[in-house]
Amino acid sequence: MSTLSVPPVPTSPRDDAIALYRAFKGFGCDMAAVVNILAHRDATQRALIQQEYRVMYSDDILKRLSSELSGKLETSVLLWMHDPVGRDAIVVKQGLSAETKNLQAATEVICSRTPSQIQCFKQLYHSRFGVPLEHDIEMQASGDHKKLLLAYVSTPRYEGLEFDREIAAKDSKALFKAGEKKLGTDEKTFIQIFSERSRAQLAAIITAYQDMYGNSLKKAVKGETSGLFEYALLTILCCSENPARYFAKVLHKAMKGLGTDDTTLIRVIVTRTEIDMQYIKAEYLKKYKKTLNDAVHSETSGHYRTFLLSLLGPNR
């Protein structure tokens with residue numbers, strides 16, 4: 001669901017292409033105009049603007065934006081120009097490339113997406129970058145983290161709401177035996193259950209584990225695993241319960257303390273705006289007693305701030 005505010009005057013993609021061309025012309029770029037147009041267009045409109053621009057000016061608007069904008073504004077606008085599937089593929093590719101390596105970002109995207117979303121961006125990844133996603137995971141990740149990611153992107157999982165309490169109890173027992181009950185950890189069991197069970201089933205396992213052992217499964221994961229493997233397991237777990245709450249936490253962490261983690265801020269806001277932003281905003285307000293818009297406003301400035309706030313929509 002999109003939270004984009006509707007622009008006051010309806011325009012056609014052709015009008016937008018002309019307005020953007022004008023914004024690029026002359027001395028310096030009219031960044032306010034660029035932000036105002038692009039932040040208020042949905043994925044279909046943005047694709048049509050790109051087509052119109054190419055036809056009318058024999059120029060690639062992405063290249064043009066890249067040469068006219070800079071810094072954080074450039075990063076966010078260029079990522080926004082793609083559709084949700086394209087953005088996921090780009091973030092994961094950058095995260096799994098030697099020069100721009102960010103395994104945490106790649107892990108977040110992979111482990112927070114539904115099986116059908118993973119399927120879509122895997123196909124696009126292969127056609128756009130010429131290599132299967134699995135190949136890049138194989139090259140850049142390692143150890144149990146790599147095993148989990150490979151299993152997670154290649155296992156089809158049920159996406160409905162039904163779950164089986166008996167299986168949840170059985171899995172809880174297996175996880176307890178593989179973790180807290182044992183000296184050392186049987187990572188294989190964690191990988192198998194976390195990559196094969198649906199979100200609804202994992203949520204049932206969380207409840208069963210708490211009931212059976214009086215301890216949270218999240219605590220067990222934190223106690224038994226570490227590093228990127230732990231991060232991947234926790235992402236899968238938190239998203240099985242409530243993806244919006246998970247992303248509210250990620251955003252809060254990115255803006256907490258000294259300095260802002262703009263890479264994370266951009267990635268989450270831009271990739272979730274057309275998916276579930278209104279839920280993330282509601283969770284943020286509930287948990288931190290402050291609107292997400294106010295938090296972003298105090299951590300950013302200039303056209304970059306205007307752009308992100310336009311994507312977030314009304315401050316409530």
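Author: Helix 16 provides the largest share of the lining of the largest pocket, six residues. The model is predicted: local features need pLDDT of at least 70, side-chain atom pairs count only at pLDDT 80 or more, and totals for chains, interfaces and linings use all residues. Residues are numbered from 1 along each chain as its sequence is written, and side-chain values use heavy atoms, without hydrogens and water.

Reader: What is a pocket, and what is a cavity?

Author: Rolling a probe the size of a water molecule over the atoms shows where empty space is left. On a 1 Å grid over the protein atoms alone, a cavity is a set of points where a 1.4 Å probe fits but cannot get out, whereas a pocket is an open set with protein on both sides within 12 Å along at least five of seven lines; lining residues have an atom within 4 Å of a point. Here, the largest pocket holds about 510 Å³ of space. Of its 22 lining residues, Tyr-231, Tyr-246, Lys-249, Val-250 and Lys-253 are the closest to its centre.

Reader: What volume has the second largest pocket, and which residues lie nearest its centre?

Author: Its volume is about 430 Å³. Among 17 lining residues, Thr-75, Leu-79, Ile-90, Val-91 and Gln-94 lie nearest the centre of the second largest pocket.

Methods:
Points joined across faces, edges and corners; volume = space filled by probe spheres on them. Helix = DSSP H or I, 4+ residues; strand = E, 2+ residues; numbered from the N terminus.
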